[in-house]
Amino acid sequence: MPDSNYDLVIIGAGSGGLTAAGFAVQLGARVALVEKSRIGGDCTWTGCVPSKALLKAAKVAHEVRTACHYGIMSGPPVADMAKVRDYVLAAIQQVYQFESPEELERKGIDVLQGSARFISPRSIEVADRIVHSKKFLITTGARAVLPPIAGLSEAPFVTYEKIFENDRLPDSLVVIGGGPIGSELAQAYKRLGSQVTIVADRLLPKEDQDVRELIGRVFEGEGIRLLKGRAKSVRKDGDGIVVSTDGEEVRGDLLLVASGRKPTVEGLDLEAAGVTYSEKGIPVDEQLRTNVKNIYAAGDVVGGQQFTHFAGWQAFQAVRNALLPASSSGFTDLVPRVTFTDPEVAQVGPTEKQARSKFGNDVKVCYTKMSQVDRAVCENDREGFIRLMAKSDGTILGATIVAARAGETLSELIVAIKQNLKVSQLAGAIHAYPTYSTGIQQLAADMTIEKLLSGTSGKIVRGLSKIIR
Ligand SMILES: Cc1cc2nc3c(=O)[nH]c(=O)nc-3n(C[C@H](O)[C@H](O)[C@H](O)COP(=O)(O)OP(=O)(O)OC[C@H]3O[C@@H](n4cnc5c(N)ncnc54)[C@H](O)[C@@H]3O)c2cc1C
């Protein structure tokens, strides 16, 4: 039986909890990681990994369907959904093998299987066992929100928690919600062969209007229907489901409800520890401490941005603050996000609209279409654009990339912004040709040259050039 007195007990073994446990044990702390369900959490089992694996299968179907464009002849693709599901499960297993209890125990982390509930600020109960710890970190994540739609509780539907188990391709799918999860899964199912309708006010509501319009155009081109408006009621209709908005209705064989996620605070008995919470999450201070000073929280349960990379980063900061002297902030403005539709939508820093409202005329915006980026042309990934935003002194503020592989291309800009680099420094770093990133270097070069040749500096430079000539 493992020790029952720890330096740190982490509740929830998802993206945040796993990062936290790995770091804490490296610091030499006695660490326990408690998980009530499957180690890996949403990301491994019902989130990032299965959704990206499904999108890959869907992309292959799309490429087969459009192969004649490249002179390759083939018949229409047929998705064997049971095999697609097996591919998705294999990807999950591949990721999970590095997160299994045996692997974690090997690193020195005690894994406690069961639902944790506080009995005091320094002790919890897990599977009939009392566990004491000097400090706790709560990383219990989030779960699907069900919107108040009449008839929903009586109708058959799935959320992201179940859809990846699907081994039958529905003839038609209705998706309630046009956010990243709804949009990714809508495109995946359409490409696999279902008729898909999204019921939402708009697609990707957090993105700038031109991004939303572009993705809307691509979706329309692929045959995904957007039924604008809010789902007001749902009813069973034979083997299918009918979703009604104020004026219209749509029928589908399968209904996916993708209308957001809310922090998991239930079942923890936070009252017993005196931890304040609401359905919006557990409030924390700058150092990620709850109102009870030895109890920290990080990731989706805090109620901020819901990303694996952010949960991991926050959990790392929480451990750093819990187990090392001094402290670091658990919050930052620099949290990139990517929606893995095709084209992908990647954002770091403010969007153009946010940058203009914050910095006014001090913002310079440069833009290129992917049809002007040679690699994208060769790959037939011409849909999309790169937009780079900088202050007038050249400091890079943010970027929006709508393109194939946008998530990969974004990374250099994340580093550049984090390091306060200027566009001239980006322009001066030779990028390999032909890559998608040359689009960024080209924009940085355009901005640098424009700055150099404007105003007084421009007059001087042109004058000098005249003398040399
Ligand atoms: C379909 C989908 C696609 C996504 N795609 C992406 C993506 O591409 N990129 C990205 O960055 N993010 C993505 N996300 C979001 C990402 O999965 C989450 O932001 C991330 O998993 C949050 O990590 P976490 O540690 O806060 O919570 P989780 O990873 O969810 O872990 C929480 C864990 O706590 C456990 N738990 C809860 N209560 C208790 C208790 N009382 N006792 C013990 N254990 C408990 C849960 O069982 C769970 O395992 C996606 C999410 C979904 C749903």
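## Ground rules

Residues count from 1 along each chain as its sequence is written, and side-chain values use heavy atoms, with hydrogens and water left out. As the model is predicted, local features need pLDDT of at least 70 and side-chain atom pairs count only at pLDDT 80 or more, while totals for chains, interfaces and linings use all residues.

## The second largest pocket

The second largest pocket has a volume of about 540 Å³. (A pocket is an open set of points on a 1 Å grid over the protein atoms alone, where a 1.4 Å probe fits, with protein on both sides within 12 Å along at least five of seven lines; volume is the space filled by probe spheres set on the points, which are joined across faces, edges and corners.) Lining residues, those with an atom within 4 Å of a point, number 21, and Asp-333, Leu-334, Val-348, Gly-349 and Pro-350 sit closest to the centre.

Strands S18 (344-348) and S21 (396-403) and helices H11 (352-359) and H13 (406-418) each give at least two lining residues. (These are DSSP runs numbered from the N terminus: H or I of at least four residues for helices, E of at least two for strands.) H11 has the largest share, with three.

## Where H3 meets H4

Helices H3 (residues 48-65) and H4 (residues 81-96) have axes that come within 9 Å and cross at roughly 135°. Axes here are lines fitted to C-alpha atoms over the stretch in contact, with angles from 0 to 180 degrees between N-to-C directions. The pair is therefore oblique, meaning not under 35 degrees (roughly parallel), over 145 (roughly antiparallel) or 65 to 115 (roughly perpendicular).
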